[in-house]
Amino acid sequence: MVSLRKAMKFLPFFFLFFTVIFVSAIGSNIPRLGTFQQTILRDPKASPQNVSNDFQTFYYSQTLDHFNYRPQSYKTFQQRYVISFKYWGGANSSSPIFAYFGAEAPLDLDLAGIGFLTENAPQFKALIVYIEHRYYGQSIPFGSMTNALKKKGLRGYFNSAQAIADYAEVLLYLKKKLSAESSPVIVIGASYGGMLASWFRLKYPHVALGALASSAPILYFDDITPQNGYFSIVTKDFEEASKSCYETIKQSWSAIDKVAAQSNGLSLLSKRFKTCRQLERSSELKSYLETLYTNAAQYNQPPTYPVTVVCGGIDGASNGTDILRRIFMGVVADLGNRSCYDIDVLNYPPETILGWSWQTCSEIVMPIGRGHNDTMFPAAPFDLNSFAKECEEKYGVPPRPHWITTYYGGHDIKLILHRFASNIIFSNGLKDPFSSGGVLENISSSVVAVYTVNESLHEYNSSPSED
């Protein structure tokens, strides 16, 4: 157990270090928060590359149910975690443990793409640990996501409280196994993983000394944040990049509907947008385009700046080009010239989609929607009653929309966190749509908000630098 004196000595370096990192960077359908969602549209079947040989994979026999004492609660499953010992100063040095929390996807992309930990571990001689979220990747109880979710009595173990309890159990096990009881733990996460990191610090302060939560929309629950917050920022990002691009996108939805209403309209749209299969509904094309635009905004950062790329394609079309052709040119600019474009891209990987569907239908109920003419998108208000009905038809149970704020808090966040929280950094890029539900003001001297103004940086705190 790290002493208070040692912890206080470590804290200034921890907060100074991360503050410098971020400040220097300045100059149904609930969208997935995933750190690497942009890669799905680009190459959904691509496998992770360039995973360091320094990573060693282990499995922990994890408790199925941390909060009950029924016989089934004591069942276990194998939870994957990965360690890099390369920079660790060893147990005797009280060097810190950087623990990265996996989110709603397999851990593989994090291992290949998260460079922040390995770049900064040498300075602190830190042990690096990545822990996979239960029910994703190689950490699925009962064999597969399909098996895990098909039985009502089993999918109830799939929730955030169980997940962070998993992380606590793994970290305490590792500290004991490695004789690292005096090593302070800093938990790190991005997007949903950032939410978990901040919640973990609140629920397990005896395990984690501090948390770094990037792009963590912990306030996008229970109507704390306006429904249209997410899509308003997407709209603002495009409008600031190009007024004409914004206007073209805004007008395109009715243009799609007009063509779709023709007798062979869906066939025409399929040809014009080179879809890999025949469109069955115009909503399929709209959802595809909506995802392309929201991804572009959510990951609008160097070196690619996808919003600028999309608008470059739309605006770059020759004079007289109709709206739908301009929209298609934006798709080509962003994704490249392909033989066809897969409108089913959001079904990759299927287990991740299944898992996130359950999570948003149970507790991660983020009321993201938009009204009439308040964004560049067609109206799609979030209706809790309709959403609950769909979820109940799908899973047999209604969602619990107030549970996140009941269990973790959210209302009167400044007052509440000022009273009892400490050692949490919330980082955001103000052009990231999810920043609308993030903590953007300092709460206290040790619960701080850092942000960039002109970039999204949805995953900045955990991504490799471009230097």
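**Entry 1. Overview**

I counted the secondary structure of the protein chain first: 18 helices and eight strands. The model is a predicted one, and I read it as such. I then looked up burial: of the 467 residues of the protein chain, 56% count as buried. The chain exposes about 19700 Å². Carbon and sulfur atoms supply 53% of that area.

**Entry 2. The sheet**

I traced the strands next. The eight strands form an open sheet in the order S1-S2-S4-S3-S5-S6-S7-S8. The pairing is mixed. Which strands stand at the edges? I found strand S1 (55–63) and strand S8 (447–452) there. Each has a single partner strand, so one side of each is left without a neighbour in the sheet.

Helix H7 (residues 160–177) touches S1, strand S2 (76–84), strand S3 (97–101), strand S4 (127–131) and S5. The direction of H7 makes about 120 degrees with that of S1. H8 packs on the sheet as well, touching S3, S5, S6 and S7. The direction of H8 makes about 150 degrees with that of S5.

Strands of a sheet pair through backbone hydrogen bonds, either parallel or antiparallel. S5 and strand S6 (residues 210–214) run parallel and are joined by five bridges. I picked out Ile188, whose bridge partner in S6 is Leu212. S6 and S7 also run parallel, with four bridges between them. Here Ser214 stands opposite Ser427 in S7. S7 and S8 are joined by six bridges and run parallel too. In that pair I noted Asn428 opposite Tyr451 in S8.

**Entry 3. Strand S7**

I stayed with S7. Is this strand enclosed or open to the outside? Six of the six residues of S7 are buried, so the strand is largely enclosed by the rest of the structure. In a regular strand the side chains alternate between the two faces of the sheet. I looked for that pattern in S7. Ile424, Phe426 and Asn428 point one way. Ile425, Ser427 and Gly429 point the other way. All of them are buried.

Most residues other than glycine have a negative phi, and most peptide bonds are trans. I noted three departures.

- The peptide bond from Pro302 to Pro303 is cis, with omega near 5 degrees. Pro303 lies in the loop between helix H12 (282–298) and helix H13 (306–315).
- Ser191 has a positive phi, near 65 degrees. Its place is the loop between strand S5 (185–190) and helix H8 (192–203). Ser191 counts as buried, at 0% relative accessibility.
- Asn423 has a positive phi as well, near 60 degrees. I found Asn423 in the loop between helix H18 (413–420) and strand S7 (424–429). Asn423 is buried, with a relative accessible area of 6%.

**Entry 4. Helices H10 and H14**

I looked up one helix pair. Two packed helices are described by the angle between their axes and the distance between the axes. Helix H10 (residues 243–260) and helix H14 (residues 323–335) pack at an angle of about 115 degrees. Their axes are 9 Å apart. The crossing is left-handed.

Which residues make the contact? From H10 I listed Thr248, Ile249, Gln251, Ser252, Ala255, Ile256 and Val259. From H14 I listed Ile323, Leu324, Arg326 and Ile327. By class, the contact has seven nonpolar, three polar and one charged residues.

Ser357 is found in helix H15 (residues 350–362). Is Ser357 buried or exposed? Its relative accessible area is 16%, so I put Ser357 down as buried, the cut-off being under 20%. Not counting residues up to four places away in sequence, Ser357 touches Lys394 and Tyr395.

Ala388 sits in helix H16 (residues 384–395). Ala388 is buried, with a relative accessible area of 18%. I took one distance from it: the C-alpha atoms of Ala388 and Ser362 are separated by 9.3 Å. Along the chain, these two residues are 26 residues apart.

Methods: Residues numbered from 1 in each chain as written. Predicted model: local features only at pLDDT ≥ 70, side-chain atom pairs only at ≥ 80, totals over all residues. Heavy atoms only, no water. Helix = DSSP H or I, 4+ residues; strand = E, 2+ residues; numbered from the N terminus. Buried < 20%, exposed > 50% of the residue type's maximum accessible area, 1.4 Å probe, protein only. Areas by Shrake-Rupley, 256 points an atom, 1.4 Å probe, with all protein chains shown as cover. Contact = heavy atoms within 4.5 Å. Axes fitted to C-alpha atoms, helices over the stretch in contact; angles between N-to-C directions. Left-handed = near helix turned anticlockwise from the far one by under 90°. Nonpolar A, V, L, I, M, F, W, Y, C, P; charged D, E, K, R; others polar. Pairing = 2+ DSSP bridges.
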